[in-house]
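Me: I would like to go through this model term by term. For each label, I want the value and the cut-off behind it.

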Amino acid sequence: MRPKKAIRSDMGWSTVDRIVVCGKDLVNEVIGKVSLGDMAWLEITGGLPTPQQSVLFNALMVTLVEHGMTPNAIATRMTYLGAPEAMNAAVAAGLCGMGSVFVGTAEGSARIMQAALKGVDRPDPKAIAAKIVADLRASKSAIPGIGHPVHKPIDPRTPRLFQLAKENGYYGNYCELIQAIALEAERVTGKVLPVNATGAIGAVASELGLDWRICRGIAVMGRAIGLVGHIAEEIRNPIAKQMWEHLEEETSAHRRPGQE
């Protein structure tokens, strides 16, 4: 019989008087010394970031914390209205709506770019972008990481992230490729399709060496903080009930007596 492989994890362990996280003593080396973003990097990579990595990763995390009364925020507020005893469920409700339309496209853009640049020593961004756009259009698939319903012709978050990438030595092939993809998509569609925040995040995260499968997690971590913030505001200034009542009244007004 083949011997069973030992079950192993390097994430952490604890004893009666000690907690160790990724090799770091939680009490003496982490608490009060490591920021939330750096802690996230430690959990994801197994080591603390360099100063440059810290600047960029923290920037990626805060970029998607807040974007107003989005569907994610509305879902959180409405769930909290119905179950104020379960904040965790309210935050989870908002996070469940992160996908191919809202917030979650960093994963898709990173996946496409990492596949396209794998093993390529001297990439031609324009040629690669042309193939990516053509393939996605042929399959009638959306191009993740570009376009925004509000921010046109530029998503103001994008140039800031690219600027930070340049200042910290992490502006490279992925950053150039996502911009080439946006230009090619605009050329063939005639539409204004700027690199959006999730596209920039997918590119910079790829420059940082993060696997595309973790990129949505960056958005999840950031947006979770924002959703807790929405609940905090809901506690201070309740508006969910008013939103619900207004929507209920408006959607059924045409069927009410005297309104037909």
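**Helix pairs, burial and cysteines**

Reply: Start with a helix pair: I74, R77, M78 and L81 of helix 4 meet A240, K241, M243 and W244 of helix 12. Contact here means heavy atoms within 4.5 Å. The model is predicted, so local features need pLDDT of at least 70 and side-chain atom pairs count only at pLDDT 80 or more, while totals for chains, interfaces and linings use all residues. Residues are numbered from 1 along each chain as its sequence is written, and side-chain values use heavy atoms, with hydrogens and water left out.

Me: How do you know how helix 4 and helix 12 are oriented to each other?
Reply: Their axes come within 9 Å and cross at roughly 100°. Axes are lines fitted to C-alpha atoms, for helices over the stretch in contact, and angles run from 0 to 180 degrees between N-to-C directions. Angles under 35 degrees count as roughly parallel, over 145 as roughly antiparallel, 65 to 115 as roughly perpendicular, and the rest as oblique. Helix 4 and helix 12 are therefore roughly perpendicular.

Me: Which classes of residue make up the contact of helix 4 with helix 12?
Reply: There are 6 nonpolar, no polar and 2 charged residues. The nonpolar class is Ala, Val, Leu, Ile, Met, Phe, Trp, Tyr, Cys and Pro; the charged class is Asp, Glu, Lys and Arg; the others, Gly among them, are polar.

Me: What makes helix 3 and helix 8 parallel or antiparallel?
Reply: Helix 3 packs against helix 8 (residues 157–167) at an angle of about 170°, with the axes 10 Å apart. That angle makes the two roughly antiparallel. Helix 3 contributes V55, L56, A59, L60 and T63 to the contact, and helix 8 contributes R157, L161, L164 and A165. By class, these are 7 nonpolar, 1 polar and 1 charged.

Me: How does the length of helix 11 compare with what is expected?
Reply: Helix 11 (residues 215–236) has 22 residues and reaches 33 Å from first C-alpha to last, close to the expected 32 Å at 1.5 Å a residue. The expected span is 1.5 Å times one less than the number of residues.

Me: Which other residues of helix 11 are buried, and what covers them?
Reply: The buried residues include C215, I218, G222, R223, G226 and L227. Their cover includes helix 3 (51–63), helix 4 (71–82), helix 5 (87–96) and helix 12 (240–252). For the whole protein of 260 residues, 42% count as buried.

Me: How many disulfides are there, and how do you know?
Reply: A disulfide is a pair of cysteine sulfur atoms within 2.5 Å, and the structure holds 0. C22 is in none, as the nearest cysteine sulfur, that of C215, is 19 Å away. The sulfur of C96 is 20 Å from the closest one, also in C215, which is too far for a bond.

Me: Are C22 and C96 to be called buried or exposed?
Reply: C22 is at 11% relative accessibility and so counts as buried. C96 has 68% and is exposed.

Me: What is particular about the backbone at C22, K140 and P153?
Reply: C22, in the loop between strand 2 (18–21) and strand 3 (24–25), has phi near 50°, a positive value in a residue other than glycine. K140 also has positive phi, near 55°, and is exposed at 78% relative accessible area. K140 is found in the loop between helix 7 and helix 8, and P153 lies in the loop between helix 7 (125–138) and helix 8. The peptide bond from K152 to P153 is cis, with omega near 5°.

Definitions and conventions. Buried means under 20% relative accessible area, exposed over 50%, partly exposed in between (1.4 Å probe, protein chains only). Helices (H or I, at least four residues) and strands (E, at least two) are DSSP runs, numbered from the N terminus.
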